[in-house]
Amino acid sequence: MKLSKNFSLAEFACKDGSTTPPDAVKNLKEVAENLQVLRDHFGVPVTVNSGYRSPSHNKEIGGVRNSQHLFGKAADIVVKGKTPAQVKAAIETLIAQGKMKQGGIGLYNSFVHYDVRGRAARW
C-alpha cells in the first residue's frame, strides 16, 4: 500500500511482524507525506529504520513508554549522503517554511527521529 509518492506502508511496518492497526496506518500516511517533502527537498532516498512499533516491540528495544512510534506518528530515518545534523537542519527549515508539520525531532549519531505530534519537541 502506497502512503505517498515514494513511501509504502511496508517501510513503516513493525520489525516484529505484527499487523499495523488502522489508526496507526492513518497516522503513518501523515508521516509519509511529510517525509515525502523532505525527500523531494534533498532529491535522494530517505530510509525508514523504524516506523510503527507494537507495544511489545517498543518495550523490547527500550523505547520510551509513550513513544510516538506506538501510534504510527514517528519514523527514525536516514537520508542518503546526508549527516543526521544536515537532516535535522533541513526538517527545521521545512517546518519553519510551513512545508512539514511541527513535531518532534531527535538527533542521534546515525539517524534522525521525526514525528507529527503537532507541537515542537527537540532532543
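## Close-up views of a predicted model

**View A. Helix α1 crosses helix α3.** The axes of helix α1 (residues 22-42) and helix α3 (residues 84-96) come within 11 Å and cross at roughly 110°. These values come from a predicted model. Two packed helices are described by the angle between their axes and the distance between the axes. Angles of 65 to 115 degrees count as roughly perpendicular, so α1 and α3 are roughly perpendicular to each other. Their crossing is right-handed.

**View B. Side by side: the residues where α1 meets α3.** From α1 come Val37, Leu38, His41 and Phe42. They meet Gln86, Val87, Ala90, Ile91 and Leu94 of α3. What kinds of residue make up this contact of α1 with α3: nonpolar, polar or charged? There are 7 nonpolar and 2 polar residues, and no charged ones.

**View C. Phe7 and Phe12 form a tilted pair.** The structure holds 2 aromatic pairs. In the pair of Phe7 and Phe12, the ring centres are 6.0 Å apart. The ring planes stand at 55°, so this pair is tilted. Are Phe7 and Phe12 buried or exposed? Phe7 has 1% relative accessibility, so Phe7 counts as buried. Phe12 is buried too, with a relative accessible area of 0%.

**View D. Tyr108 and Phe111 form a stacked pair.** A pair of aromatic rings is described by the distance of the centres and the angle of the planes. For Tyr108 and Phe111, the distance is 4.5 Å centre to centre. The angle between the planes is 15°. Planes under 30 degrees apart count as stacked, and the pair of Tyr108 and Phe111 is stacked. Tyr108 has 36% relative accessibility, so Tyr108 counts as partly exposed.

Notes: Residues are numbered from 1 along each chain as its sequence is written. This is a predicted model: local features need pLDDT of at least 70, side-chain atom pairs count only at pLDDT 80 or more; totals for chains, interfaces and linings use all residues. Side-chain values use heavy atoms; hydrogens and water are left out. Axes are lines fitted to C-alpha atoms, for helices over the stretch in contact, and angles run from 0 to 180 degrees between N-to-C directions. Helices (H or I, at least four residues) and strands (E, at least two) are DSSP runs, numbered from the N terminus. Angles under 35 degrees count as roughly parallel, over 145 as roughly antiparallel, 65 to 115 as roughly perpendicular and the rest as oblique. A crossing is left-handed if the near helix is turned anticlockwise from the far one by less than a right angle, and right-handed if clockwise. Contact means heavy atoms within 4.5 Å. Ala, Val, Leu, Ile, Met, Phe, Trp, Tyr, Cys and Pro count as nonpolar, Asp, Glu, Lys and Arg as charged, and the others, Gly among them, as polar. Rings of Phe, Tyr and Trp (its six-membered ring) pair if their centres lie within 6.5 Å; planes under 30 degrees apart count as stacked, over 60 as edge-to-face and the rest as tilted. Buried means under 20% relative accessible area, exposed over 50%, partly exposed in between (1.4 Å probe, protein chains only).
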